[in-house]
Amino acid sequence: GLLLLAAALGGAAAARCPAPCVCDNLRAHVLCLNGSLVAIPDTIPELTKKLDLRGNSFSVIPAGAFLATPYLTHLDLQHCKVERLEEGAFRGLGRLVYLNLASNSIGLLYQESLDGLSSLQQLILEGNRIEEIQPGAFGHLGSLTVLDLRANALVYLPDMVFQGLQVLRWLRLSHNTLHVLGSDAFAALPALRRLSLDHNELQALPGEALARLDGATRLDLGHNPITYVAEEALAMASLRHLFLDHASLQDVAPDAFALSPQLRMLDLRENQLQGLPPLAGAGGLARVSLHGNPLLCSCLLRPFHNWLARARVQAEGACAAPPALRGRPLDSLKPPEMRCSRLRPPPNPTTPSEQPKAASRRRCPRECDCSPDFHHGSCENRDLQEIPQDFPRDTRLLDLRRNTFRAVPPDAFPGLRELVSLHLQSCGIRALQPGALRGLESLVYLYLTDNHLSTLAAAAFEGAPQLAYLDLDRNAFTRVPAGAFQLLPNLISLHLQHNAIGELAEPDLAGARGLRWLYLTGNAIRHIAPAALAPAKMLEKLQLEGNHLVEVPTSALQGLSALSELKLSRNPIKRMGDGVFLPVASSLQHLYLDNMGLEQISPHAFVGLGPKIRSLYLEGNKMSNIPNMSNFTGLEILNLQDVPFHCDCQLLPLHRWINKLNLRVGATCGSPPEARGLKVKLSTTFQTCPGWGRGEAGEANPEKTMAASKPSKKKRSGKSPARGFNKSRA
């Protein structure tokens with residue numbers, strides 16, 4: 001009886017399978033990949049357990065979106081352009097154990113966004129733009145073991161933000177911009193074993209917050225600008241593996257790890273350490289890695305070297321000086337070789353714990369809030385008309401958003417030599433006057449979005465040579481401020497999106513030799529001069545989406561040997577000629593050519609491109625054929641939706657190639673009439689083409705396909721998915 005009931009339900013489910021999807025009723029799987037869905041289908045079979053909706057366009061996941069599928073255990077919503085999760089979006093999914101929301105545009109997690117997911121074990125939110133997590137957002141996820149928040153825009157973690165995650169074992173916060181952690185940010189994580197905080201902007205080891213993690217055994221803090229580890233800075237009773245690699249460490253206190261007695265492995269690679277004291281407090285340490293440090297193997301290093309031998313600690317690293325010992329491994333040195341010259345050694349740099357404290361404890365402006373523990377000052381939305389002064393000298397993050405300053409005058413931030421991040425969004429600023437940032441010698445982040453700036457002079461950035469991230473989105477620029485970046489040799493990321501820039505001229509980026517990411521989406525750019533991008537030879541990302549370009553700016557791409565991502569979406573480019581991407585063919589990995597109204601692509605337009613290409617977006621265009629892409633063997637994403645392909649014999653190579661790809665590409669026929677609306681992969685119009693019987697005839701008959709494939713297993717391997725796309729076989 002149960003079998004009959006299951007069969008009946010399976011039959012009903014099959015009848016309800018949404019048209020763009022593929023339903024496997026036997027395994028209760030539904031796949032709707034890379035389609036044109038703009039809403040969650042309401043006809044998905046009720047008994048579905050695994051639902052894959054990758055590559056659609058949902059924008060918002062509304063409340064109760066999955067009430068019709070209560071048996072779901074796995075839900076994949078990657079690359080769906082989701083911007084918002086409404087409260088109650090996943091209500092009713094009490095059986096769900098895996099939810100993947102990676103690579104969307106979610107900016108905020110509301111308190112009830114994840115309500116109803118009582119069985120969820122893995123939540124993937126990597127690659128969104130989450131800036132804020134409201135308290136209680138994870139309060140209903142009592143079964144969660146892995147939370148992935150990598151590559152978002154988190155700056156601050158408030159107290160108890162992870163409350164409710166009683167069994168969480170791995171928290172991944174890498175590749176954010178975290179500056180400040182509340183002292184109780186991790187207080188509600190009793191089961192946590194691994195914490196990943198690498199690739200953030202932590203200035204100091206957040207010892208108070210980490211002390212709440214009694215059970216954590218691995219801590220990743222690499223790639224943070226931490227300069228010093230103070231005495232007893234880390235009190236983690238169970239910690240065994242600590243990664244502090246690729247930071248800015250210049251000194252470590254002898255008792256820095258005295259309160260972490262289980263520590264076995266310490267990774268200090270690629271720092272600025274010239275030496276270390278004996279780490280007597282780390283009694284259980286077995287290995288310390290010092291590769292990539294400028295180690296001075298003089299008599300000053302002897303105490304540390306002797307301690308390594310006594311404590312039987314394995315040290316990995318080599319001397320950088322003196323010249324006689326350069327390149328010598330630490331474990332090969334003998335004490336007599338480690339000599340000092342008669343010259344008096346330079347004094348050790350003053351550590352933060354030794355700096356005069358009176359100077360850093362100046363009063364806070366009365367209109368603002370200052371946190372001495374986290375070096376954070378905030379005057380957000382206080383109706384201020386002048387920039388306040390008299391902040392503590394050790395302030396590192398200053399938030400002045402949503403005030404009315406009109407202009408930033410010279411010397412606006414006196415005494416803030418340690419300031420790293422400055423927020424001036426939505427302040428009505430029309431002018432950044434010369435010398436405005438003078439004295440901000442540690443400034444890395446400057447946010448000036450949503451103001452009224454129309455021009456900038458290089459003198460405005462005088463005194464801020466470390467500035468690396470400059471955000472000028474949504475201002476009033478009609479051109480890139482020529483020469484404004486001359487004094488910014490460390491500029492990495494420049495945002496000029498949603499301005500009114502009409503062209504890129506030759507001198508615009510002068511001085512920006514370290515620029516890696518240039519964002520120009522939503523301007524009115526019609527022309528890019530051949531040498532406009534030449535100063536930015538290290539450029540990796542170039543986003544030109546939504547401009548007025550009518551051709552690929554091939555000449556402007558010359559010399560950009562590191563460019564890996566090029567976004568030309570929503571430009572009115574109708575035709576694409578031969579070799580238009582040749583200047584960047586050796587480095588390009590992600591190419592966006594969607595929604596341009598593209599009518600014709602030359603057969604040799606993609607010459608030079610090949611296995612390095614990982615994603616290619618061509619959806620929403622008007623061409624009826626595309627060039628041979630048989631050597632695009634590294635593709636992970638190919639989107640050909642809403643392209644009116646003419647499914648005649650000239651398209652047979654594309655049909656063959658698509659059939660061999662292990663990807664959902666969304667290609668459909670626009671003509672001839674008998675094929676309109678059919679998938680290119682499934683259209684029968686190709687069966688009358690010359691040469692059909694040599695390859696595809698077997699595809700129409702599964703038995704013949706299997707028989708034909710038996711002599712050569714190599715032909716079916718995933719390493720050569722594109723071999724069938726060969727014009728000579730058409």
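The model is predicted, so local features need pLDDT of at least 70 and side-chain atom pairs count only at pLDDT 80 or more, while totals for chains, interfaces and linings use all residues. Residues are numbered from 1 along each chain as its sequence is written, and side-chain values use heavy atoms, with hydrogens and water left out. The largest nonpolar core has 107 residues, and the structure holds eight disulfides.

**Nonpolar cores**

- A nonpolar core here is a set of buried Ala, Val, Leu, Ile, Met, Phe, Trp, Tyr and Cys residues joined through side-chain atoms within 4.5 Å.
- Buried means under 20% relative accessible area, exposed means over 50%, and partly exposed lies in between, using a 1.4 Å probe and protein chains only.
- In the largest core, of 107 residues, the members that touch the most others are Phe413, Leu422, Met576, Phe581 and Phe606.
- Helix α4 (residues 652–660) supplies the largest share of this core, with four residues.
- Helices (H or I, at least four residues) and strands (E, at least two) are DSSP runs, numbered from the N terminus.
- Another core lies apart from the largest one; it has 101 residues, including Leu96, Leu99, Leu154 and Leu285.
- Leaving aside residues up to four places away in sequence, methionine 576 touches Val552, Phe581, Leu593, Met596, Leu598, Gln600, Ile601, Ser602, Ala605 and Phe606, where contact means heavy atoms within 4.5 Å.

**Disulfides**

- A disulfide is a pair of cysteine sulfur atoms within 2.5 Å.
- Cysteine 17 pairs with cysteine 23, with their sulfur atoms 1.9 Å apart, and this link is right-handed, with 90 degrees about the S-S bond.
- Cysteine 17 counts as partly exposed because its relative accessibility is 22%, and cysteine 23 is partly exposed too, at 21%.
- Cysteine 364 and cysteine 370 form another disulfide, with 2.0 Å between their sulfur atoms.
- The torsion about the S-S bond of cysteine 364 and cysteine 370 is about 70 degrees, so this disulfide is right-handed.
- Cysteine 364 has a relative accessible area of 23% and is therefore partly exposed; cysteine 370, with 25%, is partly exposed as well.
- Cysteine 368 and cysteine 379 also form a disulfide, their sulfur atoms lying 1.9 Å apart, and the link is right-handed, with 105 degrees about the S-S bond.
- Cysteine 368 sits in the loop between β22 (314–316) and β23 (369–371), and cysteine 379 in the loop between β24 (376–378) and β25 (397–399), so the pair ties together parts that are eleven residues apart in sequence.
- Cysteine 368 and cysteine 379 are both buried.

**Other cysteines**

- The closest cysteine sulfur to that of cysteine 80 is in cysteine 32, 10.0 Å away, which is too far for a bond.
- Cysteine 80 counts as buried because its relative accessibility is 0%.
- Cysteine 427 is also buried, with a relative accessible area of 0%.

**Leucine 678**

- Leucine 678 is in the loop between β43 (668–671) and α5 (692–695).
- With a relative accessibility of 38%, leucine 678 counts as partly exposed.
- Leucine 678 and threonine 668 are ten residues apart in sequence, and their C-alpha atoms are 5.5 Å apart in space.
- Not counting residues up to four places away in sequence, leucine 678 touches Ala667, Thr668, Cys669 and Ser683.
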